Amino acid sequence: KWAQFPYHKRLSQFDIQAQQSLSQRQLKQLGELTWIDDQFNLILLGPPGVGKTALSVGLGIEAIEQGYRVMFVTMGQLMTYLKTEEFTRKSQIQLNRIRQADLVIVDDLMYMAMETYEANLFFQLISQLYEHSSLIISSNKAPDHWGELIGDPGITTAILDRILHRVEVINLNGDSYRMKNNQKIFSAE
Ligand code: ADP
């Protein structure tokens, strides 16, 4: 249901050999999607081309097949929808889907600096999604640098509080994942 992936590549086609920072076992656990029921967010970090989008698409396809409502948007599309919601039917439809989704995939977060009003719109959406849906956010910048692009420190803190409340950060550029809040998606190795 919905989604709008940039390409279709199943999780089973994700080449785990090419991605040393994720084990087969972790990939399998992510694919079981219990983290969506627990409203965990995933942050996929790494430089371009390491497979952030491929992993989020694979997980998104899996989620749709298991009956979850999924939306895939780039950060650029999302900001366009938010800024034109008042007067563009397409943006209203897309944002309604995003607000109803169990899983929202935001690809390429923070590729551009935000104006304060844009940061506010983004914050409002994150607040609406908080507590009833999961996010997958891919970015080439770690969350401690997002403030440089969001701008307003108060809005940055408010956004980060919600996104990082229940999160699994997965580094796809070498280092393995780390945990937040002593809660885990991955069981002990
Ligand atoms: P990014 O990290 O920039 O989001 P992509 O996920 O779009 O990178 O990866 C770039 C291309 O390489 C895509 O066509 C993607 O399907 C492929 N790719 C990257 N990593 C993997 C992987 N581990 N297994 C299979 N395909 C991959």
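Ala, Val, Leu, Ile, Met, Phe, Trp, Tyr, Cys and Pro count here as nonpolar, Asp, Glu, Lys and Arg as charged, and the others, Gly among them, as polar.

## Basis

The model is predicted: local features need pLDDT of at least 70, side-chain atom pairs count only at pLDDT 80 or more, and totals for chains, interfaces and linings use all residues. Residue numbers start from 1 along each chain as its sequence is written.

Helices (H or I, at least four residues) and strands (E, at least two) are DSSP runs, numbered from the N terminus.

## Ligand shell

The shell around the ligand divides into 5 nonpolar, 6 polar and 3 charged residues. There are 14 residues around the ligand, and Asp15, Gly51, Lys52, Thr53 and Ala54 come nearest. A residue is near a molecule or strand if its C-beta atom, placed from the backbone, lies within 6 Å of it. Helix α3 (residues 52-65) gives the most to this shell, with 3 residues.

## Packing of α6 with α8

Helix α6 (residues 116-129) packs on helix α8 (residues 153-164) at an angle of about 25°, and their axes are 10 Å apart. Therefore α6 is roughly parallel to α8. Axes are lines fitted to C-alpha atoms, for helices over the stretch in contact, and angles run from 0 to 180 degrees between N-to-C directions. Angles under 35 degrees count as roughly parallel, over 145 as roughly antiparallel, 65 to 115 as roughly perpendicular and the rest as oblique.

The crossing of α6 past α8 is left-handed: the near helix is turned anticlockwise from the far one by less than a right angle, whereas clockwise would be right-handed. On α6, the contact uses Ala119, Asn120, Phe122, Phe123, Ile126 and Ser127. On α8, it uses Ile155, Ala158, Ile159, Arg162 and Ile163. Two residues are in contact if their C-beta atoms, placed from the backbone, lie within 7 Å. By class, this contact of α6 with α8 has 8 nonpolar, 2 polar and 1 charged residues.

## Packing of α4 with α6

Helix α4 (residues 75-84) also meets α6: the axes come within 10 Å and cross at roughly 95°. So α4 is roughly perpendicular to α6. Met79, Leu82 and Lys83 of α4 make the contact with Glu118, Leu121, Phe122 and Leu125 of α6. The contact of α4 with α6 has 5 nonpolar, no polar and 2 charged residues. Phe122 of α6 is listed in the contact with α8 and in the contact with α4.

## Positive phi at two glutamines

Most residues other than glycine have a negative phi. Glutamine 4 has a positive phi, near 65°. Glutamine 4 sits in the loop between β1 (2-3) and α1 (24-31). Glutamine 4 counts as partly exposed because 14 C-beta neighbours lie inside 10 Å. The cut-offs are 20 or more other C-beta atoms within 10 Å for buried, 12 or fewer for exposed, and in between for partly exposed, with C-beta atoms placed from the backbone.

Glutamine 39 also has a positive phi, near 50°. Its loop runs between α2 (34-37) and β2 (41-45). With 17 C-beta neighbours inside 10 Å, glutamine 39 is partly exposed.

## Two pairs across the sequence

Glutamine 92 belongs to helix α5 (residues 89-100). Glutamine 92 has 14 other C-beta atoms within 10 Å, so it is partly exposed. Glutamine 92 and leucine 82 are 10 residues apart in sequence and 8.5 Å apart in space, C-alpha to C-alpha.

Valine 167 belongs to strand β6 (residues 167-171). Valine 167 counts as buried because it has 24 C-beta neighbours inside 10 Å. Valine 167 and isoleucine 43 are 124 residues apart in sequence, yet 7.1 Å apart in space, C-alpha to C-alpha.
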